[in-house]
Amino acid sequence: MKKLLLILLAQSFAVLVHAQVPQPAKAQEQALLLKGGTIHVGNGQVIENGLIGFEKGRITLVEENNGENGDLSKFKVIEISGQHVYPGFILANSSLGLEEVSAIRAMNDFNETGDINPNVRSLVAYNTDSKLIAPTRYNGVLIAETTPKGGRIPGTSSVMNLEGWNWEDAVLKEDIAIHLNWPNKRKGNFDYSTNVVQKEENKDYQKEVDQLDLLLREAANYTQLDQKENNLKLEALQGLFNGEKALMLHTEDAKEIIESVRFFQGHGVKKIVLITGNDALDVSGFLSENSIPVILPPVHGLSDGADEDIYQRFKLPYLLTEAGVMVAISHAGMLGRARNLPFYAGSAVAHGLKKETALQLITLNPAKILGIDQEVGSLETGKRATLFVSKGDALDMMSNDLLYAFVNGKTIVLENEQQVLYERYTNKYQK
């Protein structure tokens, strides 16, 4: 009896562990065809009663199921009539895989010592065993930019598939962008007596800008030297001048946005992406004219200004899109909220955006911004088969319910610890 009890306990533990960190899937062995579902291509197009086929990790067929589709005998058919097919959602500007329990220092690997670290690569620190990955991809988020933070230049980010044994397996595109926190003209200090943030002039602002100016001049001169000592920091910055890397510019104030963009344009930086909030609307014309895309924080939040529309954060994606700015949505704050990414896009629909346009905020737009749109971001032939099937509208919290998900054609395990606990306590309290 004791032996049987031990076996049952071991099996239960194995199931729980499997659910917490699902085992990576095998490479696609057989061509698959999803038949009869509504295909949301990701570029604004919708195909009712569609066919989408893929083999060896690549999409080979996307068309309407009209009964004249030729020989489909090589495919294993999965009937999904009444379901919806979407490109894998893309989470930009995230510490997923670098951060686990934020309150425990040893479980966080997103911040290096020092203020200027362009040579720090988040790629090699990415943890495929993070327990946050499985529940995040359960809502359709299958790709993430893993991003360092802290200091003036935190480091270099990479784009990862949320599937793989290690970072070498998971990487989609390495070293795509350098992140930089622009100096603040005014610094905020929290006044505990009034519970209000008091802002005062940053007397070191020009000094901090001058330090960046010197750094970029040194980096530009470094490329011209025939004989030079290897400098990892200056080497890492070279991609900004030849367009191989984007500059992810973190700043909030409208004046600082214009000043910082012009600063880096003057230094020959080829590709600039702005990571900011509400103040982007005040300079939307400037951003549109200079083709500066914007990554916004979640729409689920209050506006910062006391005199701003309380729904300003919800309306911002629509207003910026209407102004001709390319927009993507990310997350901010607690990493566990990253799984709500599709619902941020869904809330933007309720405040002006068309549904397929909102879908682009978390698919094709971030793919273009991150330089991976030739591989993912929309369901088109030749692209990677990174997609999922939902019972309902994936942007709606009430109906997003994944049946299947595929990364590079691999069928991934959707079950995770939260589903195990749901089943466990449902069975307990429904008896």
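In which strand is the place of Asp175? Select residues 171–181: that is strand β9, and Asp175 sits in it. Helices here (H or I, at least four residues) and strands (E, at least two) are DSSP runs, numbered from the N terminus. Asp175 has a positive phi near 50°, in a residue other than glycine. Asp175 is also buried, with a relative accessible area of 17%. Buried means under 20% relative accessible area, exposed over 50%, and partly exposed in between (1.4 Å probe, protein chains only).

Before moving on, some ground rules. This is a predicted model, where local features need pLDDT of at least 70 and side-chain atom pairs count only at pLDDT 80 or more, while totals for chains, interfaces and linings use all residues. Residues are numbered from 1 along each chain as its sequence is written, and side-chain values use heavy atoms, with hydrogens and water left out.

**Colour by confidence**

pLDDT is the predictor's confidence in each residue, from 0 to 100. The protein averages 89, and 94% of the residues score at least 70. Where pLDDT is low, the predicted coordinates should not be read in detail.

**The eight-stranded sheet**

Now show the open sheet of 8 strands, ordered β6-β7-β8-β9-β12-β13-β14-β15 with mixed pairing. Two strands pair if DSSP finds at least two bridges between them. β6 (89–94) and β15 (327–329) stand at the edges with a single partner strand each, so one side of each has no neighbour in the sheet. Inside the sheet, pick β7 (residues 141–146) and β8 (residues 155–161): they run antiparallel, joined by 4 bridges. Look for Ile143, which stands opposite Asn161 in β8.

**Around helix α8**

Select residues 312–322, helix α8, whose buried residues are Gln312, Arg313, Phe314, Leu316, Pro317 and Leu320. Their cover includes α7 (284–289), β14 (294–296), β15 and α9. Just after α8, Gly324 takes a positive phi of about 90°. Next, jump to the loop between α7 and β14 for Ser291. Ser291 has a positive phi near 55° and, at 61% relative accessibility, counts as exposed.

**A hairpin**

Select β10 (residues 186–191) and β11 (residues 196–201), which pair in the antiparallel sense over 6 bridges. Arg186 has Glu201 in β11 as its bridge partner. The two strands form a hairpin with 4 residues between them, and Asn195 in the turn has a positive phi of about 60°.

**Zoom out**

Of its 431 residues, 49% count as buried. Along the principal axes, the C-alpha atoms fill a box of roughly 70 × 60 × 55 Å.

Methods
Contact means heavy atoms within 4.5 Å.
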